[in-house]
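Here is a friendly briefing to read alongside the model. Please keep the 3D view open while you go through the points.

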Amino acid sequence: MGLFHITTCLLLMVAKGGDASTDEERLVHDLFHDYNKLIRPVQNNSEVLLVEFGLTMSQLIDVDEKNQIITTNVWLKQAWTDYRLAWNPAEYGNISSIRISPDYMWLPHIVLFNNADGTYEVTLRTNCLVYSSGYVYWLPPAIYQSSCLIDVEYFPFDEQECSMKFGSWTYNGFLIDIVPMTEKVTLEDYWESGEWVIINSPVSKNAIRYPCCEEIYRDITVNLIIRRKPLFYTVNLIVPCVLISLLTVLVFYLPSDSGEKITLCISVFLALTVFLLLIADIIPASSLIIPLIGRYLLFTMLLVTLSIIITVVVLNIHYRLPSTHIMSPWMRKLFLEILPPLLYMKRPVQLRNKFYDDEPTRPATNHFEMKDIDQQDVEARRRSNGITIFDFHHSDGYNTLRPRPANGNAIHSRPVECKALRPRHVEKEAITTYSDSSKSAGVKKYSREFKMANDRVKFIVNHIKDEDDYDDAIEEWNYVAAVIDRLCLWLFLIMVICGTCGMILKAPLIFVPLPALSY
């Protein structure tokens, strides 16, 4: 008995399924037997057909700033009522809906007006869902490339507003009336982009009269307000540029004697050049306006170039010599007296000056005594016919004299025997004369050899003093170069900070958080 009941149920189910298939086939045959897809589905020709339109965003594929094209993956929701496709479900096995290919039905021919690749229609012509009341719902997918005016002024902290304009290519506003299904784009199945976030997506209805035609054409405009996520560009563009700018400042902290200032400048310049070549494909290529990051890169390049020029000038000043350059009074006043205190620079005390200042005062030769020596020497020479007591030398019991030449220098003259040149009484007279003169002086007397030694000591002292003055002049030029370096250090540091803050913080959306759109 149980087996009989099971067999009976299976036969009934097969029979019912076969009836359903027959009913749907009969329904389709009845609906499209005299159906003409070229005729607008209205009972009165003056009647305006109402077409509902909606958009579901599936993915924001790409935003091409260079070509100003936005690529999106969307689903087009279209709905209208076709009175010719209505039926009574009771007459067709309670079938309430069927799916029909759009190739056999009337379509409103809604396309994307601002298309950029020539593909105006949908990508896949899916079946239309037809209800027993004649209500037709069509949801085809499409990948559109639409034109969008990209404003890259504040790149990478920019916000774009791209519009997608949909309308009927065949029917004007007196034949069909397109109305939006929702006030915003549906984002239920949206796949979030890694670079852009959708801030808002309002949908509006427009009626436009074109110059070519007298009729009014209605369209649905979808405004996509998207904002760029700046994390990638901050890490790969802004941070390296700021670091390169700081390296430019460090050039002026490097001592000139190191010999690496120009090397560092050129290295920073080459690093910035290579960096610019690497990011050429990242920065939007637009001649309409210079992006924010582009202006900052130009600013950094200008700083590096200016630092190279100033470094060359500083090195020229640092290696100047007193024999080729004389420091002008205004330069001495400005760079040695005025600027160092303002730049918190204090010139160290020179070691040799400190040594001279700490050295105890030594007795110096009296000017009048040396003058007296000269007078006595002349008087003794006159009395002894050119021979003084200082010319006598005792060797082997003989007295030798050095005859003085005309120039008065006896150092290089050849000694001769005093007996062969002068009589004995001349020698005694010279000794007696100089002895009397020496006794009558009353002060301490010095020999002519000491005078000559004193002259040579004076020459050595003057020479050392000249060398010290020469070194002081070189050190003054070195100090002027150090003052210019310190001045440029502060100036470039202020320029880098102010330039970075003034350009980067100029973006109006830099501190605005990225809100997540409620789906």
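**A cavity, a pocket and the core**

The lining of the largest cavity is made up of six nonpolar, two polar and no charged residues. In these classes, Ala, Val, Leu, Ile, Met, Phe, Trp, Tyr, Cys and Pro are nonpolar, Asp, Glu, Lys and Arg are charged, and the others, Gly among them, are polar. This is a predicted model, in which local features need pLDDT of at least 70, side-chain atom pairs count only at pLDDT 80 or more, and totals for chains, interfaces and linings use all residues. Residues are numbered from 1 along each chain as its sequence is written, and side-chain values use heavy atoms, with hydrogens and water left out.

**The chain as a whole**

- The protein chain has 10 helices and 15 strands, taken as DSSP runs numbered from the N terminus (helices: H or I, at least four residues; strands: E, at least two).
- Of its 519 residues, 38% count as buried (under 20% relative accessible area, with exposed over 50% and partly exposed in between; 1.4 Å probe, protein chains only).
- Among contacts with a separation of 6 or more, 75% come from residues 24 or more positions apart; contact means heavy atoms within 4.5 Å.

**Enclosed and open space**

- One cavity of 30 Å³ or more is counted. On a 1 Å grid over the protein atoms alone, a cavity is a set of points where a 1.4 Å probe fits but cannot get out, while a pocket is an open set with protein on both sides within 12 Å along at least five of seven lines; lining residues have an atom within 4 Å of a point.
- The largest cavity holds about 30 Å³ of space, a volume being the space filled by probe spheres set on grid points joined across faces, edges and corners.
- Its lining consists of Phe53, Gly54, Leu55, Pro180, Met181, Thr182, Val203 and Val222, and strand E1 gives the largest share, three residues.
- The second largest pocket contains about 250 Å³ of space. Of its 14 lining residues, Leu254, Pro255, Ser256, Ala482 and Asp485 lie nearest the centre.
- Helix H10 (residues 448–504) supplies the largest share of that pocket's lining, six residues. By class, the pocket lining has eight nonpolar, three polar and three charged residues.

- Thr56 sits in strand E1 (residues 49–64) and is buried, with a relative accessible area of 6%.
- Beyond residues up to four places away in sequence, Thr56 touches Asn73, Val74, Trp75, Lys77, Val185 and Thr186.
- Strand E10 (residues 196–200) is largely enclosed by the rest of the structure, because four of its five residues are buried.
- E10 runs antiparallel to strand E12 (residues 217–228), joined by four bridges; two strands pair if DSSP finds at least two bridges between them.
- Asn200 has Ile225 of E12 as its bridge partner.
- Val197 also belongs to E10 and is buried at 11% relative accessible area. Val197 and Ile226 are 29 residues apart in sequence, yet 5.5 Å apart in space, C-alpha to C-alpha.

**Nonpolar cores**

- The largest nonpolar core has 92 residues, and Met105, Tyr144 and Phe166 have the most contacts inside it. H10 contributes the largest share of this core, 11 residues.
- A nonpolar core is a set of buried Ala, Val, Leu, Ile, Met, Phe, Trp, Tyr and Cys residues joined through side-chain atoms within 4.5 Å.
- A second, separate core of eight residues includes Cys265, Val268, Met301 and Ile308.
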